[in-house]
Structures are given as C-alpha cells and as structure tokens.
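Here is my note on the model you asked about. Please read it with the structure open.

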Amino acid sequence: MSDNSKPIAKVALGTDGPLVGVQGLGCMGMSEFYGPTDEAPARATLEAALDLGVTLFDTADIYGLGANEEFIAPFVRAHRDEITLATKFGIERKADDPHHRGVRNDPEYIRQAVDGSLRRLGVDVIDLYYMHRRDPAVPLAESVGAMAELVRAGKVRHLGLSEVTGAELREAHAVHPVAAVQSEWSLFSRDVEISLTGAAADLGVALVPYSPLGRGFLTGSFQDASQLSADDFRQYQPRFSGENAKRNLDLLEPLREIATAHGATPAQIALAWVQQRARVHGLAVVPIPGTRRAERVRENVAATRIVLDEGELGRLEPIAGQVAGDRYPDMSSTSAARE
Ligand SMILES: NC(=O)c1ccc[n+]([C@@H]2O[C@H](COP(=O)([O-])OP(=O)(O)OC[C@H]3O[C@@H](n4cnc5c(N)ncnc54)[C@H](OP(=O)(O)O)[C@@H]3O)[C@@H](O)[C@H]2O)c1
C-alpha cells in the first residue's frame, strides 16, 4: 500500500503545459493558517516530496504576506530545473488587519504583483501563475490579457486560474491558453462539478484540487475547535465549529471503514477519491495536499497507488451533500457564488 519505491506517475498540465507528478505539495501551511510551524521539518518536507516524484510546488503572494514565497525560495533555487513552481496574485491583504481580503484583477496590479513574487522567490520566471480570485468588476479578457503579456515578457511560463466557473474558464481560455485551474475539490467540497469540470475536460485544462483533505478534516485527526491554536484560520471555518463539526465528524465513518479495508488512512482514501473522481470527468488532475511533515508526504503520495472499487465510491458519494457549513465564512469571492 505504501510502496513509495518508485516515483509517482506524471501528468501534463494543459495541452502544452509541463509534466508534473500526479500529486503536488501545498506549501501554504508552512507559513500561516494552520498554526505554528517548525522550520526544519517543513524544509525537510519539501525535499522529501521531491524525492518521491512530487514536482508541483504551490504557494501564493498572500501566504504569510509574502513570507511563504520567501520561505520556499532556497528550495526553489536549489532545484530550479526539477520542479514546477506555481504562485498566485489577486488577493490583497493588509498587514494591520489579518481578516481583510480585497480582490484585485486590474492589469496594473498584476504587473506589480508578478515582480513582487519574482523578487521574493528569487527566480526570473514563474512556471505557473494563477489568478487567485476573480473580481467581476474587471473584464476577464483585460486581466487574462495582462497575464498573457507576462508570458510574452518571459516572466511567466503558463497561466492558471483559481475559483472560476466553467463559463469564466472558457472565456479566459479564448484569450490565452489556460494550463490549470486550482479550486477546492474534495469529498467535502464538490461545487467544481457544477460547471468547471465539464469546461476543463472540453478544453484540456488540468484541475489542481486545493484543500483535498478538507483542510485536514478528512484525515480524521480533527476532533473539536479547542485543539486549534488561536491563530489557526480553521477557528473561523464554518465546518470546524460547534454543531457543524460534530455532524461532519459522523460523515467520516465510511471513510474510516474503507481505509481499514485497504490498510490505509482516511487521508489516503480522501486523496484516492479525488484522483478517481477526476477520471470520471475525463480530467488530468494534480491534487496539492498541504503538509509540513515528511512522513505525511510519504503517506499522501502513497495514496496515488490506491484504487477504490465501485462499491466504495458509492459509499463515499453522499458525503459532500451532507456536509454542515460552507467551505468559507464568506463565500462571496468563490466560484460557487457566481454559478
Ligand atoms: N487557491 C486557493 O484559494 C487555495 C486555498 C487554500 C489552499 N490552497 C493551496 O492548497 C494547498 C492544500 O490545501 P490546504 O493546506 O488548505 O488543505 P489540505 O491539504 O486539505 O489539508 C491540510 C491540513 O491537513 C494536514 N495533513 C496533511 N496531510 C495529512 C495526513 N496524511 N494526516 C493528517 N493530517 C494531514 C496538514 O497538517 P500538517 O501540515 O501538520 O501535516 C494541514 O493541517 C495549500 O497548501 C495551498 O497551497 C489554495
């Protein structure tokens, strides 16, 4: 089950995008959101992932207000030609107000944002540059046009979008090819299946599911909000609080049973489900579970070799429809709000 002796399979991001390992690594939690991080084990996690064939490394300019890009920079520079480096722009934060989130998609902002990311990462080109959130007040063609200019200027290799609908993806792709869409997709969050998966399959765009472990909930390690540190962003997540959390814990039962039958962990079954669900939609998929621990990367990567049968998939099918609580406290900037 956990035979990691061979590197994981590879898949292409988009029709002319890079080949990457079928599972990537989310680096966000190394700098913010899920409680305090020990630096040395987090650095070891990056190296362990690469050793296992993980090549897509995911960050964003807002994670730790730039600190996450700076944190992974030495790793990126040491392995520049072995990895696919993905970062994002589009969410504006304020250092003096941790809860503030603005969305910026205007060309001038995009041109400034890319230079900031390149500087913090210490590289001269970003392999995959995502628009993190969509501001409907700015015409999409204008924003994607500005992103395409970055490709022509050699600052960015491939374009990506995050939290877009199927219609938005089609509109953007007509301006410039989109290699990948990064959106939340897991046993708990399936609104991408409304319109995005169909459009991505039609256009040959890859899906990069974020929070494939439901921000850790699907691993079975969360019991109640009292175990979260005061700065843990999940304190404010509806699914992790009060009665919702209790109800959602009950939903993990089939996951635990299927895990036991496979000699696997619930996290592995949740990751195997995302891989297989993408095949149903005819999509290339590269989930990016986030972890700061090398042993968890090994566990998560091993999930790429698990195959769930029809009966097991059928037992997991109803879970998303029964989840209590939205996936964000404020859903207004998600794709679901524009479906
Ligand atoms: N585009 C967007 O809007 C967006 C939004 C959110 C996230 N992201 C990206 O997606 C990545 C992944 O999402 P995420 O980090 O939010 O959620 P996730 O991958 O669903 O879950 C991460 C949480 O699960 C824990 N974990 C990971 N593997 C585990 C295992 N095998 N057993 C037990 N616990 C495990 C991690 O803790 P430890 O670190 O302690 O292992 C962390 O608390 C992020 O790092 C970020 O790069 C993008």
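1. Basis. This is a predicted model; local features need pLDDT of at least 70, side-chain atom pairs count only at pLDDT 80 or more, and totals for chains, interfaces and linings use all residues. Residues are numbered from 1 along each chain as its sequence is written, and side-chain values use heavy atoms, with hydrogens and water left out.

2. Salt bridges. A salt bridge here is a side-chain nitrogen of Lys or Arg within 4 Å of a carboxyl oxygen of Asp or Glu. The count by this rule is 22.

3. Pairs within a helix. Helices (H or I, at least four residues) and strands (E, at least two) are DSSP runs, numbered from the N terminus. In helix 1, Arg 43 and Glu 39 lie 4 residues apart, about one turn. Their side chains form a salt bridge at 3.1 Å, N to O. Lys 246 and Glu 243 sit 3 residues apart in helix 7. Their closest N and O atoms are 3.2 Å apart. An α-helix has 3.6 residues a turn, so residues three or four places apart point the same way.

4. A pair across the sequence. Arg 80 and Asp 127 form a salt bridge, with the closest N and O atoms 3.1 Å apart. Arg 80 is in the loop between helix 2 and strand 5, and Asp 127 is in strand 8, so the pair ties together parts 47 residues apart in sequence. Buried means under 20% relative accessible area, exposed over 50%, and partly exposed in between (1.4 Å probe, protein chains only). Arg 80 is buried at 19%. Asp 127 is buried at 5%.

5. Negative patch. Glu 47, Asp 51, Asp 81 and Glu 82 form a negative surface patch. Patch residues have over 30% relative accessible area and no salt bridge; like charges are joined within 9 Å, nonpolar side chains (Val, Leu, Ile, Met, Phe, Trp, Tyr) within 5 Å. Glu 82 is partly exposed at 44%.

6. Helix 10. Which residues of helix 10 are buried? They are Ala 294, Val 297, Asn 300, Val 301 and Ala 302. These pack against strand 3, helix 1 and helix 9, where contact means heavy atoms within 4.5 Å.

7. Backbone angles to check. Most residues other than glycine have a negative phi. Phe 33 has a positive phi of about 85°. Phe 33 is in the loop between strand 3 and helix 1 and is buried at 8%. Ser 211 has a positive phi of about 45°. Ser 211 is buried too, at 13%.

Note on methods: Accessible areas come from the Shrake-Rupley method with a 1.4 Å probe; for residues, only the protein chains shown count as cover. Lys and Arg count as positive and Asp and Glu as negative; His and the chain ends are not counted. The place of a charge is taken as NZ of Lys, CZ of Arg, CG of Asp or CD of Glu.
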